[in-house]
Amino acid sequence: MKDKGETQVKGKIICPKCKNEFILELTEGKKVHDTICPKCKNKFSAEVKCDSKELDWEEYGEPRKTVLSCIKPRSNKPLIATILLVCVFVIGVSTAIFSDFFIKTTPYAISAMDLKGDINIGYPIIVVIFSVFALLAIVACFKRKHFGLAVVCSFIAIFSFGFFFIGSILSIIAFLLIFVSRDEFKDEKKEKIF
Amino acid sequence: MKRRKKSSKVTIVISIFFLLFLVWILLQFLAPLALPYQSVTQLDGVTGFVDNQEQIDNMTMPWDSIYGCGDRLCHQKADRSFFINGNEMPFCTRCTAIWLGLAIGLGFMVFFKIELNEKFIFLIILGLVPIGVDGVVQLFGFWESNNVVRLITGLLVGIICGMAIGVIIDEVNEIRLSRKTKSS
């Protein structure tokens, strides 16, 4: 039990049996302390010796550089990419739903390339599915998070082929804008949770 | 991935989407069952064209609407479609699998929440690469796909797309909530 008014100080003690070094709380002014070594459980009495030498401090290492934080400049590139991808989604879905003309004419354009199999470029369900991935890229760009996901989804959106490849061209522009503004995206991997 | 709270608004929105797709896919399976045996055997056409208006006009409601959608949205080639009750289904195997996958993916998202992060890329690759490889290789005439492959690839892309729709609904809700918090 500690008495009121007693000052506690910490002292370094070496066990005489096992030479284990440990820290003990001592009452200031008391010369002899009974203690038990936490390692070998040896009971012994420790005598307090005060080192009267005064300690001096000196500077160590290189002088520290001043690092100041400032707000990172934010461009509108991810926002422009978001708007372009919204257009890609709208064009893709409207191509699938309304534009018979697109579906009728695309196979003729593709047949000129001498492809043997079925031409599914105007396949409305596939167009809509690729457009859904444009939506995922929109979310990532808008939040300026998940750079990898934004890049992959905007790349997939290229294959939506919306309205005479306008959707694809817009997706390519969005893809490039996302790639150029990669520093503005927060990388989840670098963040630490405390 | 974690379990979703049943009472949240997002769950209700995803459930509505899920129910819509579930009803749609059920109608697709019921349509050939509801029509007389072997009354719809040949619907071959081209995507985006109405090729079978005469046959569709002879059908009763609501099956004419479903076959009409199939006529507009799908090629409906008989050799690439499933037959139930001797009748060709309104959509080809791949399309049916995509619709079914969408319902499955959304059904999954009703009960579970997937966080949008870089790991989702692997799911996208898993969903899109098989259908891409199958479609492109067939397009260039290197091989002719079969209905089982079409079913598997369509299901994969449909499930992933359904999940993506669920994730988008979640994210839109999060953006809405964070804006609300900022404004207050």
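Student: How many helices and strands does chain A have?

Tutor: Chain A has 5 helices and 4 strands. Note that this is a predicted model. Along the sequence, the order in chain A is β-β-β-β-α-α-α-α-α.

Student: And what pattern does chain B follow?

Tutor: Chain B reads β-α-α-α-β-β-α-β-α-α. That comes to 6 helices and 4 strands. Its C-alpha trace spans about 60 × 40 × 25 Å along the principal axes.

Student: Where is confidence lowest in chain B?

Tutor: In strand E1 (residues 2–3) of chain B, at a mean of 74. Helix H4 of chain B is the highest, at 93. Over chain B the mean pLDDT is 87, and 98% of residues reach 70 or more. For the model, ipTM is 0.72 and pTM is 0.70.

Student: Now the strands. In which sense do E3(A) and E4(A) pair?

Tutor: The general idea first: side chains in a regular strand alternate between the two faces of the sheet. Now the case here. Strand E3 (residues 32–36) and strand E4 (residues 43–47) of chain A pair in the antiparallel sense, over 5 bridges. Look at the partners. Thr35(A) stands opposite Phe44(A), and Ile36(A) has Lys43(A) as its bridge partner.

Student: How many residues lie between E3(A) and E4(A) in the hairpin?

Tutor: There are 6 residues between them. Check Lys41(A) in the turn: its phi is positive, about 60 degrees.

Student: Why does E3(A) lie largely in the open?

Tutor: Count the buried residues. A residue needs 20 or more other C-beta atoms within 10 Å of its own to be buried. Of the 5 residues of E3(A), 0 are buried, so the strand lies largely in the open. E4(A) is hardly covered either: its count of buried residues is 0 out of 5.

Student: Which residues of helix H5 of chain A are buried?

Tutor: Recall the helix geometry. An α-helix has 3.6 residues a turn, so residues three or four places apart point the same way. In H5(A) (residues 162–180), the buried residues include Gly167(A), Leu170(A), Ser171(A), Ala174(A), Leu177(A) and Ile178(A). What covers the buried residues of H5(A) includes helices H1 (77–97), H3 (124–143) and H4 of chain A.

Student: How far does helix H1 of chain B reach?

Tutor: H1(B) (residues 9–34) has 26 residues and reaches 36 Å from its first C-alpha to its last. That is close to the 38 Å expected at 1.5 Å a residue. Among its buried residues are Ile14(B), Phe17(B), Phe18(B), Phe21(B) and Ile25(B). The cover over the buried residues of H1(B) includes helices H3, H4 and H6 and strands E2 and E3 of chain B.

Student: At what angle do the axes of H1(B) and H3(B) cross?

Tutor: Two packed helices are described by the angle between their axes and the distance between the axes. Here the axes of H1(B) and H3(B) cross at roughly 115 degrees and come within 10 Å. The crossing is left-handed. H1(B) contributes Leu27(B), Gln28(B), Ala31(B) and Ala34(B) to the contact, and H3(B) contributes Trp63(B), Ile66(B) and Tyr67(B).

Student: Take one loop residue. Where does Gln76(B) lie?

Tutor: Gln76(B) sits in the loop between H3 and E2 of chain B.

Student: Why is Gln76(B) buried?

Tutor: Because 26 other C-beta atoms lie within 10 Å, and the cut-off for buried is 20 or more. Beyond four places in sequence, residues that Gln76(B) touches include Leu43(B), Asp44(B), Glu88(B) and Cys92(B).

Student: What share of each chain counts as buried?

Tutor: In chain B, 40% of the 184 residues count as buried. In chain A, the figure is 31% of 194 residues.

Student: And what share of contacts joins residues at least 24 apart in chain B?

Tutor: In chain B, 75% of contacts between residues at least 6 apart in sequence join residues at least 24 apart. In chain A, residues 24 or more positions apart account for 56% of contacts with a separation of 6 or more.

Key. Residues numbered from 1 in each chain as written. Chains lettered and ligands numbered in written order. Predicted model: local features only at pLDDT ≥ 70, side-chain atom pairs only at ≥ 80, totals over all residues. Buried ≥ 20, exposed ≤ 12 C-beta atoms within 10 Å, placed from the backbone. Helix = DSSP H or I, 4+ residues; strand = E, 2+ residues; numbered from the N terminus. Pairing = 2+ DSSP bridges. Expected span 1.5 Å × (residues − 1). Contact = placed C-beta atoms within 7 Å. pLDDT = per-residue confidence, 0-100. Axes fitted to C-alpha atoms, helices over the stretch in contact; angles between N-to-C directions. Left-handed = near helix turned anticlockwise from the far one by under 90°.
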